[in-house]
Amino acid sequence: MTAHPSLRGDVAVLVPAAGSGVRLGPGAPKALRPLAGEPLLVHAVRRVVAAPCVGCLVVAAPVAAVDEVQELLAPLVPQRVLLCVVAGGATRQASVAAALAAVPDGYDIVLVHDAARALTPTDQVERVAAAVRGGHAAVIPVLPVFDTVKQVDPSGEVVGTVDRSVLRAVQTPQGFRRAVLVAAHASAVDDHTDDAGLAEKIGVPVWTVPGDEAAFKITRPFDLAVAAHLLERT
């Protein structure tokens with residue numbers, strides 16, 4: 001009998017979680033800020049490891065909080081998932097690279113997920129992984145852009161209106177063939193906050209799958225309030 005693709009446990013998920021979260025205001029590192037009584041990272045990880053495709057989780061934590069994060073996450077991660085917590089870097093890209101280096105052999109599909117997208121549904125993890133497994137070297141979940149978008153010059157004057165029909169807002173997790181992500185990071189000459197952008201730089205086609213409104217990024221206090229409200233309702 002052929003196993004269902006989502007039951008393979010063939011996916012490693014990297015979670016860069018070492019950022020300070022300046023735009024969220026003063027306090028603990030961003031991934032450890034509380035949302036409804038639990039750190040953002042806990043909400044994110046809980047949803048990620050619920051995906052049957054996930055067999056390995058590597059979290060890049062703040063250097064001073066590696067042991068704390070290990071203890072925090074260990075009770076959440078089922079036995080079928082290998083958990084590894086490493087020290088993150090000074091940038092998101094450095095943290096992803098550190099996490100990628102810690103992935104054991106045998107995982108050819110690697111997803112990169114932002115802890116700040118704490119309410120990302122488990123189905124989105126499965127959807128991205130399935131697209132990579134289906135033959136795409138790099139995959140991103142996206143949503144249509146509904147706002148009118150203007151191009152503005154440095155003085156503040158509008159110079160044009162962008163055709164929003166060809167625009168998409170990008171979410172995570174972003175999925176890759178492991179060799180593609182390794183090559184993309186090895187070729188990086190400047191800092192990126194988007195791993196798919198690194199893949200584009202080396203000529204890898206990036207495929208899109210539908211995202212989810214619940215996977216919004218918690219960046220500002222307002223976003224944190226919205227996330228808390230959504231959790232109360234559900």
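This note goes through selected local features of the structure, point by point.

1. **Basis.** The model is predicted: local features need pLDDT of at least 70, side-chain atom pairs count only at pLDDT 80 or more, and totals for chains, interfaces and linings use all residues. Residues are numbered from 1 along each chain as its sequence is written, and side-chain values use heavy atoms, with hydrogens and water left out.

2. **Helix H5, buried side.** H5 covers residues 178–186. Helices (H or I, at least four residues) and strands (E, at least two) are DSSP runs, numbered from the N terminus. Arg-178, Val-180, Leu-181, Ala-184 and His-185 of H5 are buried. Buried means under 20% relative accessible area, exposed over 50%, and partly exposed in between (1.4 Å probe, protein chains only). Viewed down the axis of H5, the buried residues fall within an arc of 165 degrees, so they line one face of the helix. The arc is that of the directions from the helix axis to the C-beta atoms. An α-helix has 3.6 residues a turn, so residues three or four places apart point the same way.

3. **Helix H5, surroundings.** Ala-179 and Ala-186 are exposed, on the face of H5 turned away from its buried side. The buried residues pack against S1, helix H3 (92–101), strand S6 (109–112), S11 and helix H6 (195–201). One of the buried residues of H5 is His-185, with a relative accessible area of 12%. Leaving aside neighbours within four places in sequence, His-185 is in contact (heavy atoms within 4.5 Å) with Gln-93, Val-96, Ala-97, Asp-195 and Leu-198.

4. **Arg-92 and Asp-195.** These two side chains form a salt bridge, with the closest N and O atoms 2.8 Å apart. The pair links distant parts of the chain: Arg-92 is in helix H3 and Asp-195 in helix H6, 103 residues apart. A salt bridge is a side-chain nitrogen of Lys or Arg within 4 Å of a carboxyl oxygen of Asp or Glu. Asp-195 is buried, at 2% relative accessibility. Arg-92 and Asp-195 also belong to a salt-bridge network with Asp-114 and Arg-117.

5. **Other salt bridges.** The structure holds seven salt bridges. Among them, Glu-38 pairs with Arg-46 at 2.9 Å between the closest N and O atoms. Glu-38 is partly exposed at 28%; Arg-46 is partly exposed at 33%. Arg-220 and Asp-223 also meet in a salt bridge, 2.8 Å from N to O. Arg-220 is partly exposed at 44% relative accessibility, whereas Asp-223 is buried at 7%.

6. **Lys-30.** This residue deserves a look. Lys-30 is buried yet has no salt bridge. The nearest side chain of opposite charge is Asp-223, 7.2 Å away. Lys and Arg count as positive and Asp and Glu as negative; His and the chain ends are not counted. Lys-30 sits in the loop between strand S1 (11–16) and strand S2 (34–35). Beyond four places in sequence, its contacts include Gly-19, Ser-20, Gly-21, Lys-217, Ile-218 and Thr-219.

7. **Gln-174.** Gln-174 lies in strand S11 (residues 174–177) and is buried, at 3% relative accessible area. A polar atom of the Gln-174 side chain lies 2.9 Å from the backbone nitrogen of Ala-196. Not counting residues up to four places away in sequence, Gln-174 touches residues including Val-110, Leu-111, Val-112, Asp-194, Asp-195 and Ala-196. The C-alpha atoms of Gln-174 and Ser-187, 13 residues apart along the chain, are separated by 18 Å.

8. **Cysteines.** A search of the whole structure finds zero disulfides. The cut-off is a pair of cysteine sulfur atoms within 2.5 Å. The sulfur of Cys-56 is 7.0 Å from the closest cysteine sulfur, in Cys-84, too far for a bond. Cys-56 is buried at 1% relative accessibility; Cys-84 is partly exposed at 24%.

9. **Backbone geometry.** Two places to check. The peptide bond from Thr-172 to Pro-173 is cis, with omega near 5 degrees. Pro-173 is in the loop between strand S10 (168–170) and S11. Ala-36 has a positive phi of about 55 degrees although it is not a glycine. Ala-36 belongs to the loop between S2 and strand S3 (38–39) and is exposed, with a relative accessible area of 60%.

Definitions and conventions. A polar contact is a pair of N or O atoms within 3.5 Å; within protein, one must be able to donate a hydrogen and the other to accept it, and residues adjacent in sequence count only if both atoms are side-chain atoms.
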